[in-house]
Amino acid sequence: MSENVAVNEGLALNEMLQESSKSLTAGIEVDMQAHGGMHLKFPAVVTDDVLVNFVLVHCNPDALSYVTSVDLTFCKQLSGASLLALSQGLPALNSLNLTGCSQFNDNDLVHISQMVNLKNLSIAGCDGISKAGLINLSSVLDNVDTLDLTSCPQIDDEVLSSLPNMYQLKNLILTACTQFSDSGLRALGKLKKLESLVLDQCPQISNSSLLKISAISATGFRKLTHLNVSNCPRVTQQGIFSLKQTLPWLRAVNTGL
């Protein structure tokens with residue numbers, strides 16, 4: 001399928017949405033991406049009926065076959081029925097943003113596991129998902145390379161210890177996750193492809209935490225090039241300096257200092 005075909009399908013989908021501005025498609029945005037895929041952003045007020053009908057009934061399947069990215073940020077009226085529709089109707093989907101969808105629970109995760117091409121997943125603020133649910137999810141999402149767990153209160157050492165099951169993971173965001181300790185941080189060293197780690201607003205992270213990273217640098221964190229420890233008041237410039245001495249491949253450290 002050529003990029004020109006994808007562009008044509010995207011234009012056709014855009015025209016359909018514009019012509020249907022007063023119908024069930026109102027508020028849905030379509031953007032073409034640089035690689036030729038399409039990005040769909042749904043409004044926060046979207047319901048299961050609207051999304052399911054849009055994906056499985058209202059739209060041309062040929063056009064939807066080019067959709068690679070879906071944004072459902074703060075779409076709090078959706079249930080697992082919508083995730084099921086996405087898994088069935090968007091075969092090329094590789095990026096899913098569920099930020100702020102606190103209504104989703106462990107039972108809904110099975111539909112995410114059926115998105116076989118998924119590489120980028122945000123479940124930031126999805127506090128309806130339990131620790132057990134996250135551990136189970138990590139065992140089936142072995143193609144995901146970017147995971148955003150911002151403000152997930154259930155993230156603890158046990159959850160972090162399960163993440164190495166996601167052996168393709170390159171980018172991990174743990175902003176405002178405050179329940180894990182240095183033990184969980186050490187477990188992330190087993191992520192052999194991890195390149196970027198965000199620990200912004202994790203007050204438990206300290207210079208001692210960075211020493212734990214340094215201590216396993218012979219076998220762990222070998223690909224880590226970007227680290228964000230902004231708003232971690234127990235991390236100092238001296239701690240960053242020592243870490244860089246041990247991990248010379250670490251190119252960028254954001255401290256906010």
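Colleague: Which helix provides the largest share of the lining of the largest cavity?
Modeller: The model is predicted, so local features need pLDDT of at least 70 and side-chain atom pairs pLDDT 80 or more, while totals for chains, interfaces and linings use all residues. Residues are numbered from 1 along each chain as its sequence is written, and side-chain values use heavy atoms, without hydrogens and water. Among the lining residues of the largest cavity are Leu134, Leu137 and Ser138. The largest share of that lining, 3 residues, belongs to the helix (a DSSP run of H or I, at least four residues) spanning residues 131-138, namely H6.

Colleague: How much space lies in the largest cavity?
Modeller: A cavity is a set of points on a 1 Å grid where a 1.4 Å probe fits but cannot get out, lined by residues with an atom within 4 Å of a point. The model has 1 cavity of 30 Å³ or more. The space in the largest cavity is about 60 Å³.

Colleague: How many charged residues are in the lining of the largest cavity?
Modeller: Ile123, Leu141, Leu147, Leu149, Val159, Leu163 and Met166 are among the lining residues. By class, 9 are nonpolar (Ala, Val, Leu, Ile, Met, Phe, Trp, Tyr, Cys or Pro) and 1 is polar. As for charged residues (Asp, Glu, Lys or Arg), the lining has none: no charged residues.

Colleague: Which strands stand at the edges of the open sheet?
Modeller: The sheet has 10 strands with mixed pairing, in the order S1-S2-S3-S4-S5-S6-S7-S8-S9-S10. A strand is a DSSP run of E, at least two residues, and two strands pair given at least two bridges. Each edge strand has a single partner, so one side of it is left without a neighbour in the sheet; these strands are S1 (29-32) and S10 (252-254).

Colleague: In S2, which residue is the bridge partner of Val30?
Modeller: Strand S1 pairs with strand S2 (residues 38-41) in the antiparallel sense over 4 bridges. Strand S2 also pairs with strand S3 (residues 67-71), in the parallel sense over 4 bridges, where His39 has Ser69 as its partner. For Val30, the bridge partner in S2 is Leu40.

Colleague: Which residue in S6 stands opposite Leu121?
Modeller: Strand S5 (residues 120-122) and strand S6 (residues 146-148) pair in the parallel sense over 3 bridges. The residue of S6 opposite Leu121 is Leu147.

Colleague: At what angle do the axes of H2 and H4 cross?
Modeller: H2 (residues 48-58) and H4 (residues 80-89) have axes that come within 9 Å. Their crossing angle, on a scale from 0 to 180 degrees, makes H2 roughly parallel to H4 (under 35 degrees). The angle is roughly 10°.

Colleague: How many polar residues are in the contact of H9 with H10?
Modeller: The axes of H9 (residues 207-215) and H10 (residues 237-246) are 9 Å apart at an angle of about 5°, which makes H9 roughly parallel to H10. Asn207, Leu210, Ile213 and Ser214 of H9 make the contact (heavy atoms within 4.5 Å) with Gly239, Ile240, Ser242, Leu243 and Thr246 of H10. Of these residues, 4 are nonpolar and none charged, and the number of polar residues is 5.

How values were computed. Parallel < 35°, antiparallel > 145°, perpendicular 65-115°, else oblique. 1 Å grid on protein atoms, 1.4 Å probe; cavity = no way out; pocket = protein on both sides within 12 Å on 5 of 7 lines; lining within 4 Å. Points joined across faces, edges and corners; volume = space filled by probe spheres on them.
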